[in-house]
Amino acid sequence: MELNLEKAITLRKSGSIKESNAILTALVKEFPNDAAINYQCAWSFDLLGEEARAVSYYEKAIQLGLPHEELEGAFIGLGSTYRALGEYEKSKSVFLKAVEAFPANRAIQTFYAMTLYNLNEHSQAMELLLNCLIETTNDSNILEYKKALTFYADKLDQTWE
């Protein structure tokens with residue numbers, strides 16, 4: 001099992017996505033309760049542009065329990081897959097759990113902001129993105145205005161006389 005899983009991951013990394021997916025699909029049939037295999041299989045369907053097929057594998061992988069790093073990736077994968085499928089409320093639900101579990105993960109927050117945009121929660125999406133930008137940038141031009149950007153991040157609709 002481990003050798004085939006490693007082979008599938010190596011194939012994916014080298015761009016042989018269909019071959020990788022074929023191995024992973026066979027592995028998940030043989031080991032249906034292996035969280036890592038379900039996660040890798042979901043990822044492979046995403047890469048093939050078959051998001052709808054990825055969902056059940058992401059869900060099962062998360063349900064079965066993944067190590068910390070893989071769980072972060074599975075949350076991003078499932079949440080962004082739901083978003084791509086237009087399932088915005090499901091996407092939001094996944095990202096809320098992900099943000100709670102991994103509050104320092106800026107990738108999760110960024111994908112969550114995209115979902116908020118799709119739900120017409122523009123102010124919250126912008127606030128989240130601005131805070132991610134402010135907290136992660138090394139750009140001196142942006143950092144020069146850090147105080148102002150931080151102040152305005154949650155006041156985008158407010159005006160002053």
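This is a predicted model: local features need pLDDT of at least 70, side-chain atom pairs count only at pLDDT 80 or more; totals for chains, interfaces and linings use all residues.
Student: How are helix H1 and helix H3 oriented, roughly parallel or roughly antiparallel?

Tutor: Helix H1 covers residues 2-13 and helix H3 covers residues 35-47, and they pack at an angle of about 25°. Angles under 35 degrees count as roughly parallel. Therefore the orientation of H1 relative to H3 is roughly parallel.

Student: Which residues of H3 does H1 meet?

Tutor: Let's begin on the H1 side, where the residues are Leu5, Ile9 and Arg12. The residues of this contact divide into five nonpolar, one polar and one charged. In H3, the partners are Ile37, Gln40, Trp43 and Leu47.

Student: Which residue forms a salt bridge with Glu135, and where is that residue?

Tutor: Glu135 lies in helix H8 (residues 122-136), and the pair links distant parts of the chain, 29 residues apart. The closest N and O atoms of the pair are 2.2 Å apart. The partner is in helix H7 (residues 106-118), and its name is Arg106.

Student: Is Arg53 buried, exposed or partly exposed?

Tutor: Arg53 forms a salt bridge with Glu50, with 3.0 Å between the closest N and O atoms. Buried means under 20% relative accessible area and exposed means over 50%. Arg53 has a relative accessible area of 47%, so this residue is partly exposed.

Student: What is the N to O distance in the salt bridge of Asp154 and Lys155?

Tutor: At 48% relative accessibility, Asp154 is partly exposed. Lys155 is also partly exposed, at 21%. Their side chains meet in a salt bridge with an N to O distance of 2.8 Å.

Technical notes:
Residues are numbered from 1 along each chain as its sequence is written. Side-chain values use heavy atoms; hydrogens and water are left out. Axes are lines fitted to C-alpha atoms, for helices over the stretch in contact, and angles run from 0 to 180 degrees between N-to-C directions. Helices (H or I, at least four residues) and strands (E, at least two) are DSSP runs, numbered from the N terminus. Angles under 35 degrees count as roughly parallel, over 145 as roughly antiparallel, 65 to 115 as roughly perpendicular and the rest as oblique. Contact means heavy atoms within 4.5 Å. Ala, Val, Leu, Ile, Met, Phe, Trp, Tyr, Cys and Pro count as nonpolar, Asp, Glu, Lys and Arg as charged, and the others, Gly among them, as polar. A salt bridge is a side-chain nitrogen of Lys or Arg within 4 Å of a carboxyl oxygen of Asp or Glu. Buried means under 20% relative accessible area, exposed over 50%, partly exposed in between (1.4 Å probe, protein chains only).
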